[in-house]
Amino acid sequence: MAMDLTDETIGTSAMPGPVISARDVRVWYGTTRGAIRAVDGVSFDLAPGETLGLVGESGCGKSTLGRGLMGLLPEGAKRDGQVLFRGRDIFSLSQKAAYQMRGRELGMIFQEPLTRLNPLMRISQHFEETIKQHEPDLSKDEIRDRALEALRLMGIPPTRYRSYPHEFSGGMRQRLMIALALVLRPAFVVADEPTTALDVLVEAQIVQILNDLRRNFQTALLLITHNVGIVAEACDRVAVMYAGRIVEQGKVADVFKNPQHPYTRELLRSTISLTTTGLNYIPGAPPDLVDPPDGCRFHPRCPDAMNVCATKNPVNIERPGGGRVECWLAGPEDQIPAGGKQPLKQEELTVADEA
Amino acid sequence: MRRVLTVLTRPFTETTGLARWMLVVGVALTAVFVICAIFAPWLAPYGFAQSSDHGVRFQKLAHPSSAHLFGTDRLFFDVFSRVIWGARTALEVVILSMAVCIVIGVPLGLASGYYGGWFDRIMVLIMDAFYAFPSFLLAIVFSFLLTNAFGGSVIAVSLSLSAIYIPQYFRVVRNTTLSAKEATYVEAARAIGASDGTIMRRYLFGNVIQSVPVLGTLNAADAILTLAGLGFLGLGIQSTEAAEWGHDLNRALADAGSGVWWTGLYPGLAIVLLVTGLTLVGEGLNETLNPTLRRRRLLPVVLPSAHPANPTQEEQN
Amino acid sequence: MSRGGSGSLPRYILQRILLVIPMLWIILTLVFLVMRVAPGDPVSAALGSKLNPTQLAQRRHALGFDRPLIQQYWDYLSSVLHLDFGTTFSDNQPVLRVVRDNGGATLTLTLAAFLIALVVGIPLGLVAGRYRDSFPDAVIRLFGILSYAAPIFFVGYLLQAYVAGPLGLPTSGDSSPITSFEIKLHPKTHILLVDAILSGDGAAIEDVLKHLLLPAVTLGLLICGVFIRLVRVNILQTNQADYVEAAEARGIRRRNVTWRHAFRNALVPVITVVGLQFALLLGGAVLTESTFNWPGLGQKLVQYINERDYVAVQGIITIFALAVVLISLLVDIINALIDPRVRY
């Protein structure tokens with residue numbers, strides 16, 4: 001049964017239905033110890049022109065999810081689930097078809113722009129390579145025009161077209177990366193911590209650019225970040241991820257005002273702003289993903305944990321303001337056994353458990 | 001003790017593919033020669049400069065037979081024995097020269113990398129100049145000079161080898177020190193008042209020493225080749241002092257024309273096998289210890305076959 | 001920090017050339033010091049058996065070995081600047097002339113070996129890196145290791161014993177090229193091959209090449225293994241580079257990524273090291289010349305060493321050192337031409 005995981009009426013006149021429809025995605029890494037369940041059952045929808053912010057601590061699996069969607073996983077990793085891109089399941093594509101989709105329909109923006117560009121190739125060569133790979137029939141001039149157009153939209157003058165990557169500043173390089181990722185106008189873009197390596201002023205510029213994306217090109221953007229502030233500025237909806245699962249998702253304004261999940265609440269509380277007087281943090285460390293805890297994965301660190309949280313996985317239900325949440329505090333009441341609502345006696349978090 | 005063993009065997013247990021095989025084969029090959037070196041007096045049927053047995057002189061250039069497994073050479077020596085004794089010579093020289101290299105090169109590199117300044121600059125210039133120079137030529141020059149003083153002995157040759165290899169150890173240790181020096185725990189140690197000596201000894205040394213095994217084995221391989229080369233040119237160890245494969249090959253070259261193949265083939269093979277063994281160990285170690293090249297043995301991932309399609313419908317107990 | 005174009009190449013070259021001078025000075029000083037490491041004086045070592053003590057003292061004085069060390073150092077430096085490398089003890093020739101007559105042969109051998117190693121080693125390294133851990137990779141790597149492990153004189157010995165005969169190539173027992181050429185050619189450039197080509201004599205050219213083949217192959221094999229290992233490691237590390245992943249994220253097919261990104265970028269650091277291998281080649285040349293009786297500077301060096309001819313050894317070593325410094329300068333310049341990041 002198809003779930004409606006977004007709260008807006010999806011469907012513009014041009015594109016009916018969500019661009020991305022992910023169901024129960026799993027990405028497990030093989031290691032020398034056993035399988036790391038980096039992403040363990042994630043589902044979401046993304047409409048055209050919509051930006052979904054994916055937040056969480058380091059190691060919660062958000063980067064893995066982004067890479068898993070693009071198919072850029074290392075050796076020994078396996079993925080499972082169903083991801084429909086405009087109706088096609090991109091997880092079951094052949095190698096060749098997968099390569100064809102990348103760059104043209106699916107795009108990726110990486111975190112560290114300096115190392116992502118080949119230092120021996122000019123910018124022009126980067127663009128030519130990408131465009132020629134997908135549209136081999138274009139003439140040299142047409143390729144150049146396309147590339148210059150993409151650069152112009154990012155505010156990079158055409159005089160820099162034949163420069164080398166090391167001749168640009170950090171912010172400009174990231175804009176280059178974005179231009180390169182978008183030159184073929186992919187409908188879905190994953191941005192993996194695009195501003196983490198940049199200073200605050202440049203960050204603001206990039207966020208502005210990403211904002212404009214949805215307006216100008218109807219690009220569906222999955223913005224992965226650990227910075228809650230960016231999500232508030234640039235995203236329509238937000239998905240909070242913990243230990244491989246999305247624990248809460250919904251409209252940004254709503255989730256930030258009425259967090260239903262204790263983790264979301266604690267995450268928002270630990271954000272530093274001008275009004276911060278004391279530092280809040282969540283004690284303990286994210287769980288071992290090779291062998292996650294029973295029941296709700298957050299229960300060892302949750303200040304509001306109940307008995308049922310340690311034994312049964314919470315059920316994914318709809319939030320009051322729209323969206324989804326999975327937490328026993330939010331219900332459903334009828335599935336909590338007797339005595340389950342008693343507060344859980346937490347073991348003393350030893351110093352060793354602290355990150 | 002257990003931990004040491006685990007660390008030592010980590011290159012074997014945690015890796016896969018070619019790197020592991022290289023390591024295994026390399027260690028086996030090297031072990032054979034090490035055994036020959038240590039147990040030479042028992043393994044070799046005759047002494048290395050022995051030309052007669054029980055008063056009976058050996059034949060000159062005799063074919064391999066049951067009495068002389070590898071035949072004899074033009075100096076009436078038994079080739080098989082000289083090959084085995086040669087292993088002892090090779091190992092003696094290499095170990096001695098490496099010891100000198102490490103004792104001098106590592107502390108110099110550590111100090112140079114740590115203190116920096118003009119001392120570092122001068123050392124780097126000198127070491128680079130040595131490093132740039134053809135090492136074999138340097139070895140020739142040094143052994144030429146030291147032979148005047150020490151005669152053609154094991155010590156002279158070992159010192160010559162040390163002289164040319166110290167720059168390599170210096171360079172590697174210095175580079176590792178430079179990067180390890182910037183670590184935050186070193187800064188912290190300095191903040192609590194640790195002296196320079198303590199910092200170098202406790203914090204940096206452990207880091208830095210990790211690069212030495214790979215360098216050491218590859219170096220040992222090169223040293224054996226250099227030793228043999230010097231012997232071939234007649235500059236190294238003389239036949240009556242010890243058995244040395246390169247020198248034997250020099251004499252064998254003249255025999256090539258007359259169809260005597262055993263005097264050259266066996267010493268030559270010995271060199272090839274020992275150097276190959278050491279190189280395999282070094283390369284194998286490099287592949288397994290270098291995180292950028294390492295290929296770990298990953299346990300296969302098994303995903304749950306029947307996964308819940310819709311959590312709202314299913315109850316999980 | 002952005003610039004209009006990449007840094008200035010001519011300026012970089014000038015800087016590098018200027019840096020050569022202190023480097024040269026240091027090497028010369030080192031050679032000087034090293035040569036005086038041994039106790040005793042060179043004159044007695046070389047001529048002790050031939051001359052009586054008075055004559056020895058005279059000789060020592062004439063050559064300046066009884067002067068204070070600083071004075072000797074100064075003499076040494078100034079004579080090098082005048083390109084005077086002394087006169088040999090044993091055969092009373094100016095060292096410079098010895099180098100001129102024999103250096104060309106060594107140069108020919110070294111270059112030929114270098115070419116062979118490049119042409120064989122680099123493609124093999126590329127293949128090994130591309131198909132990591134597969135059968136070709138294993139075979140290539142084994143070949144690389146064996147070619148390095150087999151000493152030059154052993155390979156030379158085997159080649160001469162088993163290959164030279166069937167192929168009709170000369171061995172060290174045969175009459176050396178000197179006797180077959182000096183009669184026919186007027187040495188113009190003193191480089192055998194060039195002289196042969198200039199003379200237009202087909203038989204002469206063929207003869208030189210036949211003599212050159214085995215030694216060049218032997219020496220080339222030695223370096224080949226080093227190239228294979230180098231290129232392979234660089235390919236492996238480049239393949240993991242971030243920009244390779246970024247290219248894949250844009251849909252560039254594997255083989256295009258390998259070719260355009262990995263190979264080219266992997267080769268850049270190789271160029272530097274390749275140039276430095278020249279030093280290794282010079283060392284190997286000495287052994288090769290002795291094994292094959294190739295009339296080069298290396299053979300001369302060994303001869304002088306056996307005669308304890310101190311001046312000759314010092315002179316030849318100095319020349320070698322200078323050659324190495326110049327080669328590394330050349331390599332740096334080539335590197336700058338290829339890698340735009342280098343030209344600050």
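This is a predicted model. Begin at the boundary between chain B and chain C, where 52 residues of chain B and 49 residues of chain C make the contact. The size of an interface is often given as the accessible area lost when the parts come together. Here the buried area is about 4,600 Å². Carbon and sulfur atoms give 76% of that area.

Charged pairs also cross this boundary. The rule finds two salt bridges between chain B and chain C. In a salt bridge, the side chain of Arg229(C) meets that of Glu283(B), with 3.3 Å from N to O.

H6(C) spans residues 135-149, and H10(C) spans residues 202-239. Their axes lie 7 Å apart, at an angle of about 140°. Angles over 145 degrees would count as roughly antiparallel, so H6(C) and H10(C) are oblique to each other. The crossing is left-handed.

Now move to chain B. Helix H4(B), residues 79-115, packs on helix H10(B), residues 212-232. The angle is about 130°, and the axes are 10 Å apart. H4(B) is therefore oblique to H10(B). This crossing is right-handed. Ala90(B), Val93(B), Val94(B), Met98(B), Ile102(B) and Val106(B) of H4(B) face Val212(B), Gly216(B), Ala220(B), Ala223(B), Ile224(B) and Leu227(B) of H10(B) in this contact. What classes of residue make up the contact of H4(B) with H10(B)? Eleven are nonpolar, one is polar and none is charged.

A further pair in chain B joins H5(B), residues 117-132, with H7(B), residues 154-181. Their axes run 9 Å apart at an angle of about 135°. That makes H5(B) oblique to H7(B). The crossing of H5(B) and H7(B) is left-handed. Among the H5(B) residues in contact are Asp120(B), Met123(B), Asp128(B) and Tyr131(B). H7(B) brings Ile166(B), Pro167(B), Gln168(B), Phe170(B), Arg171(B) and Arg174(B). The contact of H5(B) with H7(B) divides into eight nonpolar residues, one polar and four charged.

Definitions and conventions
Residues are numbered from 1 along each chain as its sequence is written. Chains are lettered from A and ligands numbered from 1 in the order in which they are written. This is a predicted model: local features need pLDDT of at least 70, side-chain atom pairs count only at pLDDT 80 or more; totals for chains, interfaces and linings use all residues. Side-chain values use heavy atoms; hydrogens and water are left out. Axes are lines fitted to C-alpha atoms, for helices over the stretch in contact, and angles run from 0 to 180 degrees between N-to-C directions. Helices (H or I, at least four residues) and strands (E, at least two) are DSSP runs, numbered from the N terminus. Angles under 35 degrees count as roughly parallel, over 145 as roughly antiparallel, 65 to 115 as roughly perpendicular and the rest as oblique. A crossing is left-handed if the near helix is turned anticlockwise from the far one by less than a right angle, and right-handed if clockwise. Contact means heavy atoms within 4.5 Å. Buried area is the accessible area (1.4 Å probe) that two parts lose on being put together, summed over both. A salt bridge is a side-chain nitrogen of Lys or Arg within 4 Å of a carboxyl oxygen of Asp or Glu. Ala, Val, Leu, Ile, Met, Phe, Trp, Tyr, Cys and Pro count as nonpolar, Asp, Glu, Lys and Arg as charged, and the others, Gly among them, as polar.
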